[in-house]
Amino acid sequence: MKVLKFGGTSVANAKNIRLVKNIVAHSNTKTVVVVSAFGGVTDLLLEAASLASTQQETYKEVVKKIEHRHIETIKDLIPITNQSKILSKVKSELNVLETLLEGAFFIGEITPKLSDKIVSYGELLSSYIISEFFISEKLDAHYKDSRELLITNTTYGKASILNFEDTNTLIHHYFTTNPNLITVLGGFIAASSTGDSTTLGRGGSDYTAAIIAAAVNAEGLEIWTDVSGMYTANPKIVKQAQAIPNISYEEAMELSHFGAKVLYPPTIQPVLAKGIPIQIKNTFDPESVGTLITKSIEKNGKTVRGISHIENVSLLSLEGPGMVGIPGISKRFFEVLSLAQISIVLITQASSEHSICIGIADLDSTAAQEAINNEFQYEISLGRIKPILVENNLAIIALVGDHMKNHQGLSGKMFSNLGKNNVNIRVIAQGSSERNISAVIANSDVKKALNSLHEAFFEENIKQLNLFIMGVGNVGSRLLHQIKQQKKYLKENLKLNLRVIGISNSRTMFFDEEGISLKHWEEALAKGEKADTEAFFKAIKKLNYRNSIFIDNTASDVISKTYTKYLSNSISVVTCNKIACSSEYENYKNLKYLAQKYNAPFLFETNVGAGLPIIDTLKHLIASGDKILKIQAVLSGSLNFVFNNFNNTTTFNNIVKQAQEEGYTEPDPKIDLSGIDVARKILILARESGYQIDINEIENKSFLPEESLNTNNNEDFFASLIKYEADFQEMYAEAHQKDCKLKYVAQFENGKASVGLQHIPKGHDFYNLEGSDNIVLFFTERYPNQPMIIKGAGAGADVTASGIFADIIRIGNF
């Protein structure tokens, strides 16, 4: 035996009912057909009841609509020679309905019991009409009143089976003695033990079908609706949603609970223990495969099976110091809601026991607020517990899938994705089975949240990043080489497609809307138009590409002043240029503000330590609540290279030239040797630590002669180094005599910063710092004695380019 359930859309009109008949006629086994009310009729019945209870005579017009729907359907479906008996029966039932509504009108109210009696007419009429249509079409069909089979309690509106053993006996006896091949009955409706009509709640037709399927040990339960199965998300909201061919009972339960409207949440319970498969099919596309719901199945690599949601949710938060360590608070909280017949859809509680937060339907929020405040009136009067806090117009979104706990990073991916799309999360909840991860958000964010999560978990879309690179010298050219080298890897493994759209040096600039060939970029640039900073920006703005990133590989003050324009137009900025972040504090803060406001990342990891994750680590320390107490660092790979190679057998001038030739210094090496570059770096670290400080507040103990500092070009600068060689040798000899090494050290402590040359003794963390390496010691509240140490290559075109590359990838992963 099979049980087929058809929803309101499937039986909305005569045309659709004929489709239902064709599906039923092809069944090759004994079949139970459970039908809902004609589409929209239940809402009309509720409207009529509401109008009558408020003594509005317009309820009669609604009754006429209901009558017209059913009479016209009969006339359309049933041959005229067979209509008389059916019309008579239906009109008789409608007369009773009208009498019930008149009663509600005269007394000016409606009880839950009366409401159930009124609403039950939708299924009573539809099932009778459809059964008669089947009979007229020569099908071996019979009508059965569901109220004679399903016995419930008297919780009107949301009735439950009173005793499954009794109900199952009634169902089993009827179907084993009924000779007809097809039995048609109404879903949603049942009766109390005293014979009064009850309803199983909206969507209860599914439940009716499942109860019957379990009672007769059906070979299958088919739910026929207007979509081709359960989808990875609501296809009306997410256009890219895909039908799920197979899903487990538990996953279907979660999806249906969280708003997948093709199933009513309790539906699966009766068939779950029996292992009866459920097939979700499309009445309007019966050949479509649909969704088969069975026991746990292979997932074919998909851990997350669907994304669902419930709209119109209210959050209720009970909190206060009087809750901590007091037994029975939770019991009273949930018990008062249970007594008020209020269903809870989400629960979360702080481990401190200071608060409990639940989600309920918006419609229940006022009643819940009143009931809870009354229950805790005494504690509230003493200030031990605060009055219940209610937040309305929210929604729950949920990722659903069996065994999600076996896969790391799902929660992080979900919440990160929502954050990047500016979806604010109010509450998070996750069951111990980790079959669902839920978050509460604003109703207004549902569409954006569902689409962004679906893209992240179900769509293999490649994210395209469009790069505009200013400066293609040492660092810029290395960056282009690294992008070319890793392009295929990024596309295959990180789903990132990097396209370089524009490049510029100090002389020319070149754009290609389809992407510049990274094999021939130098030739293309040579043929480009005259370089112009403003024109470069305008070209990017005009192209208006999604995920545009401006990359500054220069040391130009002029270029650094353009960042505000880029960020204000939602163009991300990645820079190794330290000028902007070490400029006036207000400018630094404004850049950060613009990046946040326009959702355009502003990343500058290479400002300190080239490719070393110094700033990133610092950000994480601060974000996690740690506090910086002191920073000690060797932050100039250039100066470290110089003093690691300078000795009494070399000249200072030659070592500095070597550092310049090998790319360890800026084009103007005085920037490095003057200490201004190190001062900018410690300034940036201080600011990223949360301190308001400017460059003029940093004490710079320069080792260069005044004459060298005052030179205006490299030729004069190097000449001055030769002139003062004896001074440099004296510095070396003094350190060597003390068995120390010369290191240019930056320090920040108690809100004050300084940079200068120091003698570093053996045993110090800085002593064995080789080549052009950098080292940073973070002393924090969590690392007060043994600092966090970051050490590695801190200069050079390749590592700087790799740091910029890493920032680009970070943006791609935002």
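Is Val271 buried or exposed, and at what relative accessibility? Val271 counts as buried, at 0% relative accessibility, where buried means under 20% relative accessible area, exposed over 50%, and partly exposed in between (1.4 Å probe, protein chains only). This is a predicted model, in which local features need pLDDT of at least 70 and side-chain atom pairs count only at pLDDT 80 or more, while totals for chains, interfaces and linings use all residues. Residues are numbered from 1 along each chain as its sequence is written, and side-chain values use heavy atoms, with hydrogens and water left out.

- Val271 belongs to helix α10 (residues 268-272); helices (H or I, at least four residues) and strands (E, at least two) are DSSP runs, numbered from the N terminus.
- Apart from neighbours within four places in sequence, Val271 is in contact with Ala210, Ala213, Ala214, Leu221, Tyr249, Ile276 and Ile278, contact being heavy atoms within 4.5 Å.
- From Val271 to Phe510 the separation is 239 residues in sequence and 67 Å in space, C-alpha to C-alpha.
- His354 sits in the loop between β13 (346-349) and β14 (355-361).
- With a relative accessible area of 32%, His354 is partly exposed.
- Leaving out neighbours within four places in sequence, His354 is in contact with Leu318, Glu319, Gly320, Pro321, Met323 and Val324.
- His354 and Val63 are separated by 291 residues in sequence and by 52 Å in space, C-alpha to C-alpha.

**Packing of helix α2**

- Helix α2 (residues 41-53) packs with helix α4 (residues 83-107) at an angle of about 35 degrees, their axes being 7 Å apart.
- Axes here are lines fitted to C-alpha atoms, for helices over the stretch in contact, and angles run from 0 to 180 degrees between N-to-C directions.
- α2 and α4 make a right-handed crossing; a crossing is right-handed if the near helix is turned clockwise from the far one by less than a right angle, and left-handed if anticlockwise.
- On the α2 side the contact is made by Leu45, Ala48, Ala49, Ala52 and Ser53, and on the α4 side by Leu97, Leu101, Ala104 and Phe105.
- By class, the residues of this contact of α2 with α4 are 8 nonpolar, 1 polar and no charged.
- The classes are as follows: Ala, Val, Leu, Ile, Met, Phe, Trp, Tyr, Cys and Pro count as nonpolar, Asp, Glu, Lys and Arg as charged, and the others, Gly among them, as polar.
- The axis of α2 also comes within 9 Å of the axis of helix α5 (residues 112-119), and the two cross at roughly 140 degrees.
- That angle makes α2 oblique to α5; angles under 35 degrees count as roughly parallel, over 145 as roughly antiparallel, 65 to 115 as roughly perpendicular and the rest as oblique.
- The crossing of α2 and α5 is right-handed.
- Thr42, Leu45, Leu46 and Ala49 of α2 meet Ser115, Ile118 and Val119 of α5.
- The contact of α2 with α5 comprises 5 nonpolar, 2 polar and no charged residues.

**Packing of helices α1 and α3**

- Helix α1 (residues 14-25) and helix α3 (residues 59-77) cross at roughly 55 degrees, with axes that come within 9 Å.
- At that angle α1 is oblique to α3.
- α1 and α3 cross in a right-handed sense.
- In α1, Ala14, Ile17 and Arg18 meet Thr73, Asp76 and Leu77 in α3.
- The contact of α1 with α3 is divided into 3 nonpolar, 1 polar and 2 charged residues.

**Helix α21**

- Helix α21 (residues 585-597) has 13 residues and spans 18 Å from its first C-alpha to its last, close to the expected 18 Å.
- The expected span of a helix is 1.5 Å times one less than its number of residues.
- Tyr585, Tyr588, Leu591, Leu594 and Ala595 are the buried residues of α21.
- These buried residues of α21 pack against α20 (563-568), β24 (602-603) and α26 (676-688).

**Positive phi at asparagine**

- Most residues other than glycine have a negative phi.
- Asn312 is not a glycine, yet has a positive phi of about 55 degrees.
- Asn312 lies in strand β12 (residues 306-319) and is partly exposed, with a relative accessible area of 44%.
- Asn750, also not a glycine, has a positive phi of about 55 degrees.
- Asn750 is in the loop between β27 (740-749) and β28 (752-761) and counts as exposed at 69% relative accessibility.
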